[in-house]
Amino acid sequence: MRVLEGTPQEIAEFLRLTGADEDNDSGAPAEVAVDAPVDALEWAQITDLVHGRARSAETANRVLDFLRGVVELGNVEIGPGESERTQDGRTDYVMVHDAGIRRYGAVAYVKPRNGGLTLRLTKEDVAELNEPHVIYRDVRPGHQYVVNCPLRDDAAVKTALRLVQLALAKVRQ
């Protein structure tokens, strides 16, 4: 009997890489669904975190709409980091990661408090876009997190989802 520990995504990736068709001892199929990176318990925790940190219900709803859209893209992981400066031990932002092998940090950081969104994109990455919701951060040359897209309205949420797709494509290359 073989015991595998890890997230469903990690186990699925292990099985894919090792070419295992099926683990006859476990009775589990080799294919593991990886399109649902956030189970109900995790989503409830994220919802609580967002509502607990947002300044308004409107901002919380826009942040949650954005995060739902990110999850629907598939092959992503979302969640807060850990912090020693907060009572609950969680950061004041939710990170978006590619669910694959992590060679980079998060592709996006969303702040429930004000709906702020920072993406792992440079000016060059979005030069061809003509988006009024895109704001550039004043950071040192070579910095990878240059693009902000505040989630101020539904149109900004749609723009933010397109930007996350660009950032994911960039780290998946």
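This is a predicted model: local features need pLDDT of at least 70, side-chain atom pairs count only at pLDDT 80 or more; totals for chains, interfaces and linings use all residues.

Trainee: Great. How many strands form the open sheet, and in what order?

Mentor: There are six, and the order across the open sheet is β3-β4-β5-β6-β8-β7, with antiparallel pairing.

Trainee: Which ones are the edge strands?

Mentor: Those are β3, residues 76-82, and β7, residues 135-136; each of them pairs on one side only.

Trainee: And how many bridges join β3 and β4?

Mentor: Six bridges, in the antiparallel sense. If you want a landmark there, look at Glu82, which stands opposite Arg90 in β4.

Trainee: Moving along, what about β4 and β5?

Mentor: That antiparallel pairing runs over three bridges. Here Met95 stands opposite Tyr109 in β5.

Trainee: Then how many bridges do β5 and β6 share?

Mentor: Four, again antiparallel, between residues 108-111 of β5 and residues 116-119 of β6. Lys111 faces Gly116 in β6 across that pairing.

Trainee: Where does helix α3 lie?

Mentor: Helix α3, residues 57-73, lies across β3, β4, β5 and β6. Its direction is at about 135° to β3.

Trainee: Changing topic: how many aromatic pairs are there?

Mentor: The count comes to two aromatic pairs. One of them is Tyr93 with Tyr109, which is edge-to-face, at 5.3 Å centre to centre and with 75° between the planes.

Trainee: Where do those two tyrosines sit in the chain?

Mentor: Tyr93 is in strand β4 and Tyr109 in strand β5, 16 residues apart, so the pair links distant parts of the chain. Tyr109 is also the residue that Met95 stands opposite.

Trainee: Nice link. Now, how many cavities of 30 Å³ or more does the structure hold?

Mentor: One. The largest cavity has a volume of about 70 Å³.

Trainee: Which residues line the largest cavity?

Mentor: The lining is made up of His97, Asp98, Gly100, Ile101, Arg102, Arg103, Tyr104, Gly105, Val107 and Val171.

Trainee: How does that lining divide by residue type?

Mentor: It splits into four nonpolar, three polar and three charged residues. Glycine counts as polar here, and both Gly100 and Gly105 are in the lining.

How values were computed:
Residues are numbered from 1 along each chain as its sequence is written. Side-chain values use heavy atoms; hydrogens and water are left out. Two strands pair if DSSP finds at least two bridges between them. Contact means heavy atoms within 4.5 Å. Axes are lines fitted to C-alpha atoms, for helices over the stretch in contact, and angles run from 0 to 180 degrees between N-to-C directions. On a 1 Å grid over the protein atoms alone, a cavity is a set of points where a 1.4 Å probe fits but cannot get out, and a pocket is an open set with protein on both sides within 12 Å along at least five of seven lines; lining residues have an atom within 4 Å of a point. Grid points are joined across faces, edges and corners, and a volume is the space filled by probe spheres set on the points. Rings of Phe, Tyr and Trp (its six-membered ring) pair if their centres lie within 6.5 Å; planes under 30 degrees apart count as stacked, over 60 as edge-to-face and the rest as tilted.
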